[in-house]
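Me: Hi! I'd like to get to know this protein a bit. Can we walk through it together?

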Amino acid sequence: MSHAATGNPIHPDLLRFQGYADFFRLASMFFLSPSEELAQGVIDGSVFDDMRAIFEDAGLDPSCAAFAHESALRRENPTASEMRTELRRDYTALFTHPERPLVAICEMRFRDGRDRAEAPSTPFLNEAALHAESCYRAAGLSLDGSRSREPGDHLAIELEFMAYLNARLAEALERNDLDAHRRWEEALSEFEPHLTSWVPDFFSACEHSGCGTVYPWLGRIGAVFMERYLEDRA
């Protein structure tokens, strides 16, 4: 039974946390090798519809999340396989090119490059990954080595965890479980510096990369959304 049916108002923070979770979950899908499911969502426009709905729920102008190339995409009418190939090509050029990726997709590598670190981190001295992984363990989660060999500070993993934390906060509010809410708020506060220290700059780098059409769009709307997120969390 819905809150409206019972006459109980929906707590505004419940909608806010649900919106955060939806954004982080959808965005994370673009930052592991793009799937055919994601490619199909780009083709049929459901990805863009979902993002506009997320913006509207967050109190942001949904037109900010408009994809300017939707009409051209419909005219081209690619198959899901063709779109997946295009997304993966752009993904490789941006994040995983063996010689010169345009944007580092892991926190410490991005911050080292942005801040021109004199002593770049190594896999064994990656403080961001070590701390992130400790946060995952504290929340009862662990990285599945059989599915991904990415470090704990990989953007997709960090965004998935942010989606998880915000979904748990929404659930605690819906149940009016103050102990659970306190636990997940503490977990979020512990992990949040990972987000604030580089993700807004990462989205801006994608926006200005000039690589393809989808990732610059995602970078632009990600920067807008993160600005609102940081204002809300201040």
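This is a predicted model: local features need pLDDT of at least 70, side-chain atom pairs count only at pLDDT 80 or more; totals for chains, interfaces and linings use all residues.

Me: Okay, zooming out. How many helices and strands does the protein chain have?
Reply: Twelve helices and zero strands. If you read along the sequence, the pattern is simply α after α: α-α-α-α-α-α-α-α-α-α-α-α.

Me: How does its radius of gyration fit with a compact globule?
Reply: It agrees: a compact globule with 234 residues would have a radius of gyration near 17 Å, and the protein chain has 18 Å. The C-alpha trace spans about 55 × 50 × 35 Å along its principal axes.

Me: What share of the residues counts as buried?
Reply: Of the 234 residues, 41% do.

Me: Now the inside. How many residues are in the largest nonpolar core?
Reply: There are 68. Those with the most contacts inside this core include Phe24, Phe31, Phe95 and Trp217. Helix H9 gives the most to the core, with twelve residues. As a general point, nonpolar side chains in soluble globular proteins tend to be buried together.

Me: Which residues is Phe31 in contact with, leaving aside its neighbours within four places in sequence?
Reply: Quite a list! Among them are Tyr91, Phe95, Ile105, His154, Leu159, Phe202 and Leu218.

Me: I keep seeing rings. How many aromatic pairs are there?
Reply: The count comes to 29. In one of them, the rings of Phe161 and Phe191 have their centres 4.8 Å apart and their planes at 80°, so the pair is edge-to-face.

Me: Why does that pair tie together parts that are apart in sequence?
Reply: Because Phe161 lies in helix H9 (residues 155–175) and Phe191 in helix H10 (residues 178–196), the pair joins parts 30 residues apart in sequence.

Me: Are those two buried or exposed?
Reply: Phe161 is buried, with a relative accessible area of 3%, and Phe191 is buried too, at 0%.

Me: Last one: where does Pro193 lie?
Reply: Pro193 is in helix H10. At 43% relative accessibility, Pro193 counts as partly exposed. The C-alpha atoms of Pro193 and Ala128 are separated by 9.9 Å, while the two residues are 65 residues apart along the chain.

Methods: Residues are numbered from 1 along each chain as its sequence is written. Side-chain values use heavy atoms; hydrogens and water are left out. Rings of Phe, Tyr and Trp (its six-membered ring) pair if their centres lie within 6.5 Å; planes under 30 degrees apart count as stacked, over 60 as edge-to-face and the rest as tilted. Helices (H or I, at least four residues) and strands (E, at least two) are DSSP runs, numbered from the N terminus. Buried means under 20% relative accessible area, exposed over 50%, partly exposed in between (1.4 Å probe, protein chains only). A nonpolar core is a set of buried Ala, Val, Leu, Ile, Met, Phe, Trp, Tyr and Cys residues joined through side-chain atoms within 4.5 Å. Contact means heavy atoms within 4.5 Å. The radius of gyration is taken over C-alpha atoms; the globule rule is 2.2 Å times the number of residues to the power 0.38.
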